[in-house]
Structure formats: C-alpha cells, structure tokens
Amino acid sequence: MLKITVQSEDEEILMKLEGELAGTWVGELEECWQATRASSPGRPTRLDLNGVTRVDDAGRYLCLLYTSDAADERSSVDLGGRGIIKQKKEQTNTRSTDNVA
C-alpha cells in the first residue's frame, strides 16, 4: 500500500509518500504526479520518500524519470529521502546474491 499526501507549500508542492513504491502503486503515484503537475505548472515539486518502506525497479525508474523531466523543463524535483532507493536496491541485490549457491 502507498499513501500519497500532497501539500501546497509557499514555494513548492510537497508529495509525501508512505509505504511501498512498488507494483500497482507506482501507477498510482504517476497519476497523482500528473494531476499535481498539471494543476500547478512551473512550481517545484518535492517527493518526500522518507516514509517509503520498499521500492521496486519500476518505482526507481519512475523517480529517475521525474528528475530527468524536471531537468528538461528547467524546473525542480527534489527526491527527499532518495537514499531509500539506493538502500532498497542494495538490499535486493544482497538477497539475490544470497540465493545463488
């Protein structure tokens, strides 16, 4: 499950994520992202990933797309808590290696 809380702050839009950024929840984030960006064009958007407990490859890819799109648009996306993406990927790689005997 993924909970997405959208807050309009003074200078930016904050999207706080809690739970799993994996599976069908990645699509839910994409829909929310598109709607939020359409309603506030040009405003910087910050994704707070500190409450994310699991990220799959699709979730990591989506976050990379957001940062790439922001660079193309010359706007801003801040992936607060982005260490979770690297940390969860390292944990997944470790499990995969442990299962090889």
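These legends walk through several close-up views of a predicted model.

Local features are described where pLDDT is at least 70, side-chain atom pairs count only at pLDDT 80 or more, and totals for chains, interfaces and linings use all residues. Residues are numbered from 1 along each chain as its sequence is written, and side-chain values use heavy atoms, leaving out hydrogens and water.

**View 1. The chain from end to end.** Starting at the N terminus, the elements follow the order β-β-α-β-α-β-α, giving 3 helices and 4 strands. Helices (H or I, at least four residues) and strands (E, at least two) are DSSP runs, numbered from the N terminus.

**View 2. Confidence along the chain.** The predictor's confidence in each residue, pLDDT, goes from 0 to 100, and the chain averages 77. Strand E1 (residues 2-8) has the highest mean, 95, while helix H3 (residues 83-98) has the lowest, 52. Where pLDDT is low, the predicted coordinates should not be read in detail.

View 3. E2 and E3 are parallel and share 8 bridges; strands pair if DSSP finds at least two bridges between them. Here, glycine 19 lies opposite valine 52 in E3.

**View 4. Around leucine 29.** Which residues does leucine 29 touch, not counting those up to four places away in sequence? Its contacts (heavy atoms within 4.5 Å) are Leu2, Ile4, Met15, Leu17, Leu21, Leu47, Leu62 and Tyr66.
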